[in-house]
Amino acid sequence: MKRTLIKLNTTMMVVLVLFLLAIVANALASRQPWVLFCYKCKACNSSCILGIDPQGFVDAALAGDPHVYIYATNVKLQLSKAAAIDPDMIVTAAGKKVSARAALDELHISPATEVVTYQVQARHAAGFCFRCGACERACVLGLPLLREISQLRGKEPVDASVSHDQ
Amino acid sequence: MQVCLMISKSALKVSLILLGLTVAAFIVQKSFREEFPGNYPKFARPVDANFEFFNRQVRIAVPDELNDFRVFVFAHDSRGHMQAIIKQVVDGTIEVREGDYADIDVRFDGSQVAGFEILKRMDNYTRETDMFNALKEARVNGRQAGIQRCLYPLCTRCIEGCRSVISGGDLPLEMHRGPDGAIQPVYSKGKCPRCGKCFVWCPVNVITNTKSLLGK
């Protein structure tokens, strides 16, 4: 019995170490190893005037995937532009939270209507971001969030008409 | 003795792994190093805006060069606070409709910013200030309203750049409320060390590079 438990314990430890190594490898592969230090204290959450959840950028870096959907609850743009950027982007239109595609096809909202985003892909959120650095200032660890944002913008820029590269 | 040797071997292995990770971390982040040209900065002029009031919306005409930019539409209230909403310029026009709530409330101490509050936290407004009404009241009562391109006090990157190279409070760059009510940078060229951080870091191109050592 004791031997079985030792084997089980060892196996679990190996699995755990492999999992942790995979996270480290992913963070290094996304060139943002500092994301490993983020302990999700949420201090940055309420600092963005565009309602972007900067923790989403951390998650995107940890996952190595710029297509992760993150909160961006205060970006105002025309529905047609939202649909052109990403039809699956969740927007608040007519008091409902629906995809940009559904707002056009099912709710029949005019394409020229201004909507407010709710959830967008991390790469698109990076495109909307002002890069004012408010999230970095709010971070208690001083993590360089703007690096991840710059990288996301550089890799796959959003539609030039809504990009905020001013 | 044997136990000590075992521990020191393990410690060495762990130290080597950590060292390897640290080196890898430095290598992958090397490309994020910024460069700052040693030139003087130049500053964008305040935005000329033409307000047209309708029953349930305000249409603001701005220069075409601001197309696709996001700017602050602001109005000062009876308390002397500035209420502002972020709006995108589409075809040289900004529309503020009834029911568009202010995103930020800025307090002043004289011409300088004393503090500010972001009014939308994630998906909820902590206070709902209708910007259409705020603009209308500002017009009726002769208070200041307009367009601000600079994101101060939300963004303070130029000031942070200045502070990173100049000790003490005598900075070449300060932010003041201008005669039009908008917050704008006030620059003192004589104090400027030409570090270049302000224009490299300015996210909205209010501060740009003169590309000149003389600042002309």
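Q: In what order do the elements of chain A run from the N terminus on?
A: In this predicted model, the elements of chain A follow the order α-α-β-β-α-β-β-α-β-α-α-α, read from the N terminus on. Counted by kind, chain A holds seven helices and five strands.

Q: What share of the residues of each chain counts as buried?
A: A residue counts as buried when its relative accessible area is under 20%. By that cut-off, buried residues make up 48% of the 166 residues in chain A, and 43% of the 216 residues in chain B count as buried.

Q: How do you know that helix 2 of chain A is mostly covered?
A: Helix 2 of chain A takes in residues 54–63, and seven of these 10 residues are buried, which is the basis for calling the helix mostly covered. The buried residues of helix 2 are A:Pro54, A:Gln55, A:Gly56, A:Phe57, A:Val58, A:Ala60 and A:Ala61. The helix is followed by A:Gly64, which has a positive phi, near 65°.

Q: Why is A:Gln55 called buried?
A: The relative accessible area of A:Gln55 is 6%, and the cut-off for a buried residue is under 20%, so A:Gln55 is buried. A:Gln55 has its place in helix 2 of chain A, and, leaving aside neighbours within four places in sequence, A:Gln55 is in contact with A:Cys38, A:Lys40, A:Cys41, A:Lys42, A:Cys44 and A:Asn45.

Q: Why does A:Thr117 count as buried?
A: A:Thr117 has a relative accessibility of 0%, and a residue is called buried under 20%, so A:Thr117 counts as buried. This residue lies in strand 5 of chain A, residues 114–121. Not counting residues up to four places away in sequence, A:Thr117 touches A:Ala72, A:Thr73, A:Asn74, A:Val75, A:Leu77, A:Met89, A:Ile90 and A:Val91.

Q: How far is the backbone oxygen of A:Ala72 from a polar atom of the side chain of A:Thr117?
A: The two atoms lie 2.5 Å apart, and the cut-off for a polar contact is within 3.5 Å. A:Thr117 can also be placed relative to A:Gln55, for these two residues are 62 residues apart in sequence and 17 Å apart in space, C-alpha to C-alpha.

Q: Why is B:Ile118 called buried?
A: The relative accessibility of B:Ile118 is 5%, and the limit for a buried residue is under 20%, so B:Ile118 counts as buried. B:Ile118 belongs to strand 8 of chain B, residues 112–118.

Q: Which residues does B:Ile118 touch, not counting residues up to four places away in sequence?
A: B:Ile118 touches A:Ser46, A:Ser47, A:Cys48 and A:Ile49 in chain A, and B:Asp103, B:Thr126 and B:Leu154 in chain B. As for B:Ala102, the C-alpha atoms of B:Ile118 and B:Ala102 are 8.9 Å apart in space, while the two residues are 16 residues apart in sequence.

Q: Why is B:Asp77 called buried?
A: B:Asp77 has a relative accessible area of 16%, and buried means under 20%, so B:Asp77 is buried. B:Asp77 lies in the loop between strand 4 (70–76) and strand 5 (82–88) of chain B.

Q: What makes the pairing of the side chains of B:Asp77 and B:Gln83 a polar contact?
A: The side chains of B:Asp77 and B:Gln83 make a polar contact at 2.9 Å, and the cut-off for such a contact is within 3.5 Å. Leaving aside neighbours within four places in sequence, B:Asp77 is in contact with B:Gln83 and B:Arg143.

Technical notes. Residues numbered from 1 in each chain as written. Chains lettered and ligands numbered in written order. Predicted model: local features only at pLDDT ≥ 70, side-chain atom pairs only at ≥ 80, totals over all residues. Heavy atoms only, no water. Helix = DSSP H or I, 4+ residues; strand = E, 2+ residues; numbered from the N terminus. Buried < 20%, exposed > 50% of the residue type's maximum accessible area, 1.4 Å probe, protein only. Polar contact = N/O pair within 3.5 Å; in protein donor to acceptor, adjacent residues only side chain to side chain. Contact = heavy atoms within 4.5 Å.
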